[in-house]
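Please walk through this protein model with me, from the overall fold down to single side chains.

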Amino acid sequence: MKVDGSSFTDEVEPRTLLVHYLREQLGKTGTVIGCDTGNCGACTVHLDGRSVKSCSLLAVQADGHAVTTIEGLSTNGQLHPMQQAFHENHALQCGYCTPGMIMQSIDLIVDNPDPSDEDIRLGLEGNLCRCTGYQNIVKAVRAAAHQANARPADAQANTRPADAQPAGAQAVDARPADAPAAVGGVG
Ligand code: FES
Ligand code: FES
């Protein structure tokens with residue numbers, strides 16, 4: 001499978017979860033585990049440009065697909081616009097939920113480029129945060145969406161990695177690279 005722009009070929013046990021493969025075999029510890037049961041959203045990554053909870057998927061199910069983790073969002077040391085918005089709006093405290101929140105938020109604004117606060121809360125209902133009370137997370141997603149909408153049409157803040165565009169998605173200016181800690185992921 002392709003992960004954050006690089007191809008990997010490995011043998012895994014049939015029962016290996018995608019999140020365990022990413023963390024333990026590839027060292028992508030920016031993707032974290034909160035519950036292991038599909039409830040908290042901490043492990044959210046993109047599979048072919050759509051958000052998925054990587055504890056709810058077997059690694060073999062991602063075979064032949066493109067996975068993007070929080071570590072694949074920044075470009076040449078530049079934070080992805082959604083990472084930047086989380087940083088600027090103080091949308092994290094302990095940071096544990098943040099990688100999953102950011103991955104889910106990117107998915108949310110590609111589907112709904114001008115979300116209301118209610119849309120944002122609904123779109124993030126599968127991602128739990130025990131610290132922030134969600135207020136600044138909503139603010140950050142709103143800010144990222146406004147920033148994307150303010151850009152010229154040919155430079156929209158698309159947010160998905162170029163190799164993981166679903167049909168009909170706008171062009172993205174975010175290619176996989178390294179992601180800093182905190183906003184980039186905790187591990
Ligand atoms: S660790 Fe995957 S949803 Fe909680
Ligand atoms: S910032 Fe601590 S769980 Fe969300």
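Predicted model: local features only at pLDDT ≥ 70, side-chain atom pairs only at ≥ 80, totals over all residues.

Residues are numbered from 1 along each chain as its sequence is written, chains are lettered from A and ligands numbered from 1 in the order in which they are written, and side-chain values use heavy atoms, with hydrogens and water left out.

Begin with the fold. The protein has 5 helices and 7 strands. Both kinds of element are DSSP runs, numbered from the N terminus: helices are H or I with at least four residues, strands are E with at least two. Along the sequence the order is β-β-α-β-β-β-α-α-α-α-β-β.

Next, the surface and the interior. Of the protein's 187 residues, 45% count as buried. Buried means under 20% relative accessible area, exposed means over 50%, and partly exposed lies in between, with a 1.4 Å probe and protein chains only. The protein exposes about 8,600 Å². Carbon and sulfur atoms supply 48% of that area. Accessible areas come from the Shrake-Rupley method with a 1.4 Å probe, and for residues only the protein chains shown count as cover.

Contacts also reach along the chain. A contact means heavy atoms within 4.5 Å. Take the contacts between residues at least 6 apart in sequence: 62% of them join residues at least 24 apart.

Now the charged pairs. A salt bridge here is a side-chain nitrogen of Lys or Arg within 4 Å of a carboxyl oxygen of Asp or Glu. By this rule the protein has 5 salt bridges. One of them joins the side chains of D4 and K28, at 2.9 Å from N to O. This pair links distant parts of the chain, 24 residues apart. D4 sits in the loop between β1 (2-3) and β2 (6-7), and K28 in the loop between α1 (18-25) and β3 (44-47). Both D4 and K28 are buried.

The side chains of D107 and R50 meet at 3.3 Å, N to O. D107 lies in helix α3 (residues 98-111) and R50 in strand β4 (residues 50-53), so this bridge ties together parts that are 57 residues apart in sequence. The side chains of R50 and D111 meet at 2.5 Å, N to O. D111 lies in helix α3 and R50 in strand β4, so this second pair ties together parts 61 residues apart in sequence. D107 counts as buried, at 6% relative accessibility. R50 is partly exposed, with a relative accessible area of 33%. D111 is partly exposed too, at 48% relative accessibility.

Stay with α3 and look at its partner. The axes of α3 and helix α5 (residues 135-150) come within 10 Å and cross at roughly 45°. That angle makes α3 oblique to α5. Axes are lines fitted to C-alpha atoms, for helices over the stretch in contact, and angles run from 0 to 180 degrees between N-to-C directions. Angles under 35 degrees count as roughly parallel, over 145 as roughly antiparallel, 65 to 115 as roughly perpendicular, and the rest as oblique. From α3, the contact is made by M101, S105 and I109. From α5, it is made by I137, V141, A144 and A145.

Q104 also lies in helix α3. Q104 is buried, with a relative accessible area of 15%. Leaving out residues up to four places away in sequence, Q104 touches T44, S51, G123, L124 and N127. The C-alpha atoms of Q104 and L124 are separated by 6.8 Å, though the two are 20 residues apart along the chain.

Two loop residues remain. T69 lies in the loop between β5 (66-68) and α2 (81-88). Is T69 buried or exposed? T69 is buried, with a relative accessible area of 0%. Beyond its neighbours within four places in sequence, T69 is in contact with V3, D4, L22, K28, T31, V45 and M103. Two residues in that list, D4 and K28, meet in a salt bridge.

T16 is found in the loop between β2 and α1. T16 is buried, at a relative accessible area of 18%. Neighbours within four places aside, T16 is in contact with Y21, L58 and A59.
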